[in-house]
Structures are given as structure tokens and as C-alpha cells.
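This report describes a protein model in terms of its core, its chain contact and its charged pairs. Please consult the sequence and coordinates alongside the text.

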Number of protein chains: 2
Amino acid sequence: MKVGCLGGGQLGRMLALAGHPLRLRFTFWDNNAEAPAGHLGKLMVGHYNDPAILQRFAKAVEVITFEFENVPVDSAYYLAQRHPLYPPARALEVSQDRLQEKILFRRLGIPTPDFLPIESRNDLTQGLRSMGLPAVLKTRRFGYDGKGQFVLRKRGDSARAWEALGGVPLLLEAFVPFRRELSVLAVRDRKGHHAFYPLVENLHREGILRRSLAPAPGLKPKLQALAERHAVRVLDELNYVGVLAIEFFEFRGKLLANEMAPRVHNSGHWTIEGAETSQFENHMRAVAGLPLGPTAATGHSAMFNLIGELPDTEAILRVPGAHLHIYGKRPGLKRKLGHVTVNFPTLASVQRAMKTLQPLAGL
Amino acid sequence: MKVGCLGGGQLGRMLALAGHPLRLRFTFWDNNAEAPAGHLGKLMVGHYNDPAILQRFAKAVEVITFEFENVPVDSAYYLAQRHPLYPPARALEVSQDRLQEKILFRRLGIPTPDFLPIESRNDLTQGLRSMGLPAVLKTRRFGYDGKGQFVLRKRGDSARAWEALGGVPLLLEAFVPFRRELSVLAVRDRKGHHAFYPLVENLHREGILRRSLAPAPGLKPKLQALAERHAVRVLDELNYVGVLAIEFFEFRGKLLANEMAPRVHNSGHWTIEGAETSQFENHMRAVAGLPLGPTAATGHSAMFNLIGELPDTEAILRVPGAHLHIYGKRPGLKRKLGHVTVNFPTLASVQRAMKTLQPLAGL
């Protein structure tokens with residue numbers, strides 16, 4: 001089956017590594033001629049709304065997916081008329097707007113932090129008055145890896161926050177003093193079957209995911225069940241096909257939905273070694289109309305991102321049980337260049353390996 | 001690092017799937033323009049002794065390996081003068097000739113079935129007289145998957161055996177009523193460190209591997225230690241780098257070496273899911289000068305080859321825990337088109353899954 005993938009970054013690359021053994025072949029579309037997925041399939045280079053490429057891409061493939069959520073929605077709807085496109089364009093559309101996303105969560109009964117749309121300086125002043133401090137001002141669109149966010153801790157921050165982000169549609173959110181950040185990776189196939197990976201505990205620094213632990217240490221079945229109930233509502237509402245990630249704040253035993261990503265997700269990279277079927281394989285199985293594989297964790301895993309520049313990769317490979325994944329991208333400030341996963345039968349063994357790996361991964 | 005690989009079949013394909021995350025990029029050389037590894041790297045098409053391709057290939061790569069042992073030795077020696085070539089050309093040369101291979105085993109103190117070189121019809125008559133029946137007549141070169149072999153059970157078979165195989169250098173071997181066939185996958189890095197996977201039990205039909213069980217059921221540490229001692233001698237003698245497979249007959253508590261393959265091996269495919277580091281990753285680590293990863297089995301695995309034509313692959317994917325690997329080759333008599341692996345904590349669970357999988361895999 002000829003799969004078209006919008007975006008040719010590391011996620012596309014790992015989708016291809018999982019998809020080739022399922023007899024899938026890949027055509028990637030990226031605006032970067034050095035997109036790292038290009039080594040694992042054909043690569044079309046150009047803007048995601050270039051009508052000529054849109055037609056060429058549609059002609060070259062049989063089923064379409066995407067690996068980043070800032071694909072122009074018009075392009076997605078155009079392509080969806082020609083081929084099955086999964087996850088559905090509607091999921092893409094919702095996830096591109098933090099306001100729509102939060103409204104969807106609330107409509108489906110999924111708790112979120114309090115939020116208010118902000119269109120003007122005046123909205124912000126009034127919003128802060130009603131919501132209180134601290135609060136987080138976020139752009140509604142095109143935010144990722146901590147970009148487009150400003151934490152307001154005191155009244156005087158309001159002017160600086162407006163200066164930094166004002167002029168585009170914004171969202172003001174109550175700051176949640178959460179216990180930890182958790183994410184759920186859920187997958188739905190074309191027949192509507194669901195599967196869920198265990199909740200993952202994520203550590204962010206400067207808005208970028210640095211480390212994931214899976215299953216989240218001390219994870220209670222009740223919390224897992226709650227996450228799955230939340231995820232099912234989103235999956236079924238959107239008639240979703242593929243992997244969906246939802247990031248939560250764990251706060252007073254509840255899960256407050258922060259955001260969702262309609263794609264495979266960095267907090268699911270541990271599944272390559274640590275789950276019976278990886279998120280990448282299950283996404284491709286769903287997209288290709290194949291049955292899902294089991295999602296159970298095979299032990300305890302830790303995943304570290306390698307950011308900015310590659311560390312001494314030989315030193316990493318010498319750590320017993322360390323699995324290295326380099327994406328083949330050029331180094332650059334805050335760029336995700338690779339990741340390392342360790343997987344052991346016990347959390348204690350994982351923690352021992354983490355002591356060696358964390359400094360190597362710059363943590 | 002730019003890796004050149006002689007041969008672009010399924011083994012090359014799986015080497016590339018393991019090598020890309022280690023920042024390796026691949027150029028394959030195959031005489032078939034549809035070689036399935038071509039989806040995962042560049043593909044140069046032509047005969048393995050074409051001097052123009054030899055030069056182009058040498059220019060395009062930094063380190064060289066191969067995925068089948070019938071690479072012309074002259075080409076290998078030529079390339080080895082230009083770049084590191086692993087496993088060494090000498091290993092290739094020895095493994096291309098069953099007689100040299102057996103002589104090497106004997107010289108290193110590794111038991112083998114009795115054997116005699118056969119150059120003429122008269123040699124065969126005399127050989128059968130001294131060796132007795134049953135016996136196996138084999139071509140010294142270019143035998144694989146049961147091709148180039150003739151089992152003689154009675155005197156009268158001699159004429160037919162000669163008719164089938166005579167005219168090329170042959171080897172007559174005593175037929176060993178072995179308990180089972182076992183193989184060891186061993187790997188040696190550039191610094192001379194060794195690692196070994198647990199012995200695998202292999203089931204052949206019509207000379208083709210159909211099923212592997214790993215670790216071999218009932219495997220005793222003593223037998224594993226014996227296999228490793230045998231393998232170390234070959235690895236060190238040849239100053240070997242990469243994965244080496246040796247096939248043994250288990251007979252009266254001893255291991256009689258049958259043949260070796262200087263490459264990743266079909267009986268090691270289970271390591272993708274069933275070992276901490278796969279044979280493919282460890283081969284690429286060794287070839288690229290990286291440290292080896294741990295080789296322990298993570299449970300019990302069974303691997304089935306899919307031969308001739310692909311079965312109902314969706315039915316296979318519905319078997320919980322079944323991992324499907326399709327190579328992207330055209331169907332054809334006795335062609336290996338893919339494999340399935342199951343991996344569980346206990347042999348009993350593996351055996352349960354096998355009952356469902358065996359008929360699907362045509363066993």
C-alpha cells in the first residue's frame with residue numbers, strides 16, 4: 001500500500017521504520033529538502049498548500065496520514081476527498097486551535113483548566129481580574145514545544161505578556177499547580193476498536209519534553225481507566241483513526257486535559273522497545289485498515305530526548321540496555337535530534353540506568 | 001556513516017531498518033532492480049563483478065558489509081582495499097566452500113560430521129564404501145536452502161546422485177541421525193569483544209528453514225557454553241567483525257558443526273522482538289565500529305517463515321502478540337516472503353500462539 005505522509009520529520013521517519021515490514025511504502029511531503037524521513041521513502045519538497053504538489057502527492061499515494069498538526073486544513077480536506085486521510089481532517093482542525101480543543105474537551109465532559117478567549121488588551125485585563133494569578137497566556141494557533149506561551153505571575157506581567165503575544169487570537173488559562181504531567185496514547189482502528197497505552201509521566205523543561213517514564217510511576221488502575229474514558233470520548237466524537245495523544249495535568253486525583261495531538265507523539269517513543277506494539281506500528285496498522293496490536297507495556301521504560309546537539313552517542317550505546325534513535329537532522333537550538341530509551345523489568349533498574357543516562361542526555 | 005551493502009534482499013532491508021536509527025545510511029548493490037532493500041536506501045543494479053559498479057559503489061560508501069555469501073570473493077578483496085569491509089573477505093571465501101569450511105572447523109577443534117571431498121564418480125563409489133549409508137552428497141559451492149544436496153540411502157542412489165550433482169566439486173558427508181538442528185548467532189566488534197545469542201532450535205522442510213524456537217527448548221547452560229566456545233574460535237581465527245551464524249546438529253550431547261554463514265541469519269530473526277538488541281542492530285553496531293548491545297533473550301520466541309506466497313496477513317495480525325515482517329518481494333516457489341515472530345514470557349504461551357500461527361504460516 002502506498003502511504004502519503006504530510007511532514008517528513010522524525011515522526012514520519014519512525015512511522016516508515018514501523019510501516020515497511022507491514023508492506024507499506026511511503027511518500028513524504030515536507031518543505032525541507034533535508035527532511036529526515038526522506039531516507040525511508042520518496043520525498044516531495046514544497047509548501048503544504050502548493051497546488052501542483054497537492055495534485056502530484058494525491059496521484060502518488062493511496063492512503064494519507066500526517067506527522068505534524070500544522071498541516072493547512074484546506075490541504076487536508078482537499079486530500080481527504082481523494083483518498084482516505086487519517087486521522088480525520090476535523091481532528092487536525094480542532095487541534096490547531098487551543099480554544100476549539102478546550103471547548104471540545106469541555107463539551108465531552110473532560111475537565112480542563114479554566115480558560116478564556118482573549119482578543120484584546122482589554123480582554124486580558126478583565127480576564128486576569130476574573131481568573132486571578134498565576135495564569136498562562138497562549139496563542140491559539142501554531143504553538144508547540146513551549147513556543148507561544150507566557151506565564152503571568154503578577155499584575156505587572158500583563159503588559160509584557162501582551163507585548164510578547166498580542167495581535168493574534170489568544171487564550172488565557174488558569175495556572176494549575178499540578179502534581180505532574182501525564183499523557184495518554186490512544187489508538188482507534190477503522191472499525192472503531194480502541195486500544196490504550198499506559199499513562200506516561202512527562203518532564204518538560206522550557207516547554208520541551210525532556211524525559212518520559214512509562215508506565216507513570218505509581219500509576220493506579222483508576223487513573224488509567226479515567227484517562228481511557230476521556231480518550232474514548234474524543235476518539236469516538238471525531239470518528240478518529242490512528243494514534244491520538246492527550247496531555248493531562250494530574251491535579252488532586254483528577255486529570256485536566258491540557259492539549260491533544262492528532263498523531264504519534266514524543267511521549268510515546270518508549271513504545272518502540274517498551275510495549276508489545278509500538279505507537280508507530282499501531283498508527284500505521286490503523287491507517288492501513290489493519291487490526292491493532294496489543295499495547296501492554298513489557299516492563300518499565302524511560303525515554304530521554306537528545307536536544308540541540310548530539311551527545312557522545314558511543315557512551316550512550318555502552319550503557320547496557322540503552323536504545324539509541326538518531327533522527328538524522330542538523331543540530332540546532334532546541335531541536336530534537338534523537339532519543340534514548342531504556343526498558344527493564346523493574347522501575348528500580350530503570351532508575352539505575354537513568355543515573356548514567358541523564359547526564360549524557362544533558363539532564 | 002555511509003554503509004555499502006552487497007546484496008539488497010530481506011537481510012539488507014532489515015539491516016537498514018536497524019541501522020537508520022544509528023545514523024547509518026545505506027547504498028545497496030544487487031543484480032535485481034526490484035531488490036526489496038531498495039526502499040530503504042540507494043540501490044545500484046548490476047552484476048557483482050561489474051568493474052564500473054565496483055568503482056561507483058566504492059566511491060559512494062565509507063564502510064562495507066554484505067548480506068549474502070555468494071558475493072564474488074575478488075570483488076570483496078577489491079573493496080576491502082578501499083574501505084573497511086566486515087565480515088572479512090576471508091570469512092566470505094571460507095564460507096563459500098563447504099570443504100574449506102569443514103576443514104576450518106576441524107582445524108579449530110570443532111567437531112563436524114565425517115566428510116570426504118569428491119571429484120569423480122570413482123571418488124563417490126569409494127567414499128560410500130568407506131563412509132557407509134546413509135550419506136549426503138553436496139556441492140561444495142553455491143548451495144543454499146537445500147539446493148545442491150542429495151541424500152543417499154541405498155547403494156543404487158549413487159548413480160542418481162552423481163547425475164544430479166556430478167561435474168562440479170562435491171563433498172560427501174556422513175548422515176547424522178541428529179536429535180535436532182541448533183544454530184548459534186555470535187557477534188564480534190572491531191575491538192574483539194564477543195556476544196552470543198542463546199542457541200536456537202530450527203525446523204527445516206525440504207532444506208528450507210520453516211520455524212525457529214529461541215532459546216532452544218530445554219537448553220542447558222553447558223550446551224550454550226559449548227556453542228560459544230566453538231563460535232569464539234571461528235570469530236577470533238578470522239578476526240571477524242559482525243554477526244556470524246553457525247548451524248549445528250545436536251547429536252549425543254555434542255554439537256557437530258554443519259555450516260556457517262558470515263552474516264545475519266534467518267534463524268536470528270526472532271531477535272528483533274525477542275532479544276535486548278537484534279542481530280541486525282548488533283551487526284550494524286559492529287560494522288560501524290560501535291559497542292555491541294546486550295544479546296539476552298527477553299522471553300521465549302517462535303519465528304515462522306512465510307514461503308512461496310503470502311498467507312492472510314490480516315489473520316496473522318489478529319493473533320495477539322504476532323509481529324509480521326513482510327519483505328516486499330514477488331511471490332515464487334520456495335521464496336522467503338516474510339516472517340512472523342511471537343514473543344512471550346513463557347514457552348507455554350508461545351506454544352499456544354504457535355497452534356494458531358502454524359497453519360496460517362503453512363506449517
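## Nonpolar core

Which residues have the most contacts inside the largest nonpolar core? They are Val342(A), Leu357(A), Val342(B) and Leu357(B), in a core of 114 residues. A nonpolar core is a set of buried Ala, Val, Leu, Ile, Met, Phe, Trp, Tyr and Cys residues joined through side-chain atoms within 4.5 Å; buried means under 20% relative accessible area, with a 1.4 Å probe and protein chains only. Beyond its neighbours within four places in sequence, Val342(B) is in contact (heavy atoms within 4.5 Å) with residues including His300(B), Ala322(B), Val350(B) and Leu357(B).

The model is predicted: local features need pLDDT of at least 70 and side-chain atom pairs pLDDT 80 or more, while totals for chains, interfaces and linings use all residues. Residues are numbered from 1 along each chain as written, chains are lettered from A and ligands numbered from 1 in the order written, and side-chain values use heavy atoms, without hydrogens and water.

## Interface of chains A and B

Chain A and chain B bury about 2,600 Å² between them, 58% of it on carbon and sulfur atoms; this is the accessible area (1.4 Å probe) lost on putting the two together, summed over both. Across this interface, zero salt bridges are found. A salt bridge requires a side-chain nitrogen of Lys or Arg within 4 Å of a carboxyl oxygen of Asp or Glu.

The residues of chain A that touch chain B comprise 14 nonpolar, eight polar and eight charged. In this division, Ala, Val, Leu, Ile, Met, Phe, Trp, Tyr, Cys and Pro count as nonpolar, Asp, Glu, Lys and Arg as charged, and the others, Gly among them, as polar.

## Salt bridges within the chains

Over all chains, the structure holds 38 salt bridges. One joins Glu173(A) to Lys102(A), at 2.6 Å from N to O. These partners are 71 residues apart, Glu173(A) in strand E8 and Lys102(A) in helix H5 of chain A; helices (H or I, at least four residues) and strands (E, at least two) are DSSP runs numbered from the N terminus. Glu173(A) is buried at 2% relative accessible area, and Lys102(A) is buried at 0%.

In chain B, Glu173(B) pairs with Lys138(B) at 3.2 Å.

## Start of helix H5 in chain B

Asp97(B) forms a salt bridge with Arg140(B), with the closest N and O atoms 2.6 Å apart. A side-chain oxygen of Asp97(B) also reaches to within 2.8 Å of the backbone nitrogen of Leu99(B), at the start of H5(B).

Definitions and conventions: Polar contact = N/O pair within 3.5 Å; in protein donor to acceptor, adjacent residues only side chain to side chain. Buried < 20%, exposed > 50% of the residue type's maximum accessible area, 1.4 Å probe, protein only.
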